[in-house]
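These are my notebook entries on a structure that I looked up. The sequence and the model are shown first, and my notes follow.

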Amino acid sequence: MRTILRCLLASALVANLGWAEGSLTPKEIRAPDGAHTLEIGLGVRVADSGGSNLVTLANNLEGIQHVDAKWSPDSHSVVVVISYIRGSGVEAAYMDGSGWHKALQSDTDLPVEELARQAGTSGRLVAQQCRLADWLDSRRITVNGELVFSGQKKVRYRYTIIFTGEPGHLDPGGFEEGVIKGIGYHLR
Amino acid sequence: MLLLATISGCDNSSSQPSGSTSGTPSAGDLAQGQQIGNVVSGTQPVTNAGGAPGFGSPQDVSQFDAASFTASSIAKIDTDGDPSAQGYDPNWNPQTSGHIDGQPVNSAEYAYVVMSQAQMAASGAQIGDWAQVTNNATGQTVWARVEDVGPPGGTGEISEACATAVGIQFQKNSWTVGNPNVTVQVFSGTKSVPGN
């Protein structure tokens, strides 16, 4: 009886630890059509069904606390939130006629001062986190976020990431900038 | 006397938002290791030119390309990883994104800079890459590494050791004295270059 209890306790402990670290344990998130997979392992990358690398979003996971990813309903893109202790960023991998590319959301999209004003707060932004919510269609996905200002004042917000359809410009990190954009920021 | 005048004026000229409960700090309130004399005189040479305690300076900069990220802005002090800052800095965090020997990077001991996730991705920078921080008022420069990741749009956020090395004063609550302006340059792909 005691042994069974010990086993149950150990199982529960392992399960909880696994859940706590679940976002950074190696995992594969398959696209709805099954043709591609987002792999979170040594880094974050999109691979084809044969395991060949198509595009790399992160070369390693150093310092990363959480990776949140959702494939679009048409399987043509995957949006990924990469979160560190005090900040997160939104990246995407997408397929067009010329193959797979990667994009990132510019920091300048986030209207920090306007959200703070709406929330009746102020101060220095010391932390920010966000998580993906639901796809509205294959070009738009909702994101929920939280800003933390000095003194631990918190402001929760929501916005939409859209694929603009505009040509991006390639930055030194290999990301197309301007392809995804955050719009419709509001408090929640 | 000049020193006292400089310090006593810091509450009104702090780069941080108002509303703190702290009063006018005494010299004892200032964090350890600050180069108060530099700020007063503004003429002392950079004693650790090229490298700060902790990381030192890169052994070989000949393999460095041009900076992949450059930003000038008001300096903000990140005390994360410094156990002695707990209880003083309301935004203190025991952890940093970067680690040394499995431990958070102590802000008081290592010159480091903070970038946002998007800044790192866009510039190809990684945790551990070398950076250079310059006090725009005095020209004092120090080598540092990228060791923490902050919120979007943040620039000029540097560790206590980094601030001290370029002659920036700050209080234990992390508020800077005045509004010191710094330029941060990051050299991506250099994390493997050892320091002296």
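I read the elements of chain B from the N terminus and recorded the order α-α-α-β-β-β-β-β-α-β-β-β-α-β. Chain B thus has five helices and nine strands, where helices (H or I, at least four residues) and strands (E, at least two) are DSSP runs, numbered from the N terminus.

I noted that the model is predicted: local features need pLDDT of at least 70, side-chain atom pairs count only at pLDDT 80 or more, and totals for chains, interfaces and linings use all residues. Residues are numbered from 1 along each chain as its sequence is written, while chains are lettered from A and ligands numbered from 1 in the order in which they are written.

I then looked up burial (a residue is buried if 20 or more other C-beta atoms, placed from the backbone, lie within 10 Å of its own). Of the 196 residues of chain B, 52% are buried; of the 188 residues in chain A, 35% are.

Next I checked confidence, given per residue as pLDDT, from 0 to 100. Chain A averages 89, with 88% of its residues scoring at least 70. Residues 7-23 of chain A fall below 50, and this stretch has three contacts beyond near neighbours in sequence; a contact requires C-beta atoms, placed from the backbone, within 7 Å. Chain B has a mean of 80, and its residues 1-49 stay under 50. I reminded myself that coordinates predicted with low pLDDT should not be read in detail.

For the complex, I recorded an ipTM of 0.87 and a pTM of 0.82.

Notes. pLDDT = per-residue confidence, 0-100. Contact = placed C-beta atoms within 7 Å. Buried ≥ 20, exposed ≤ 12 C-beta atoms within 10 Å, placed from the backbone.
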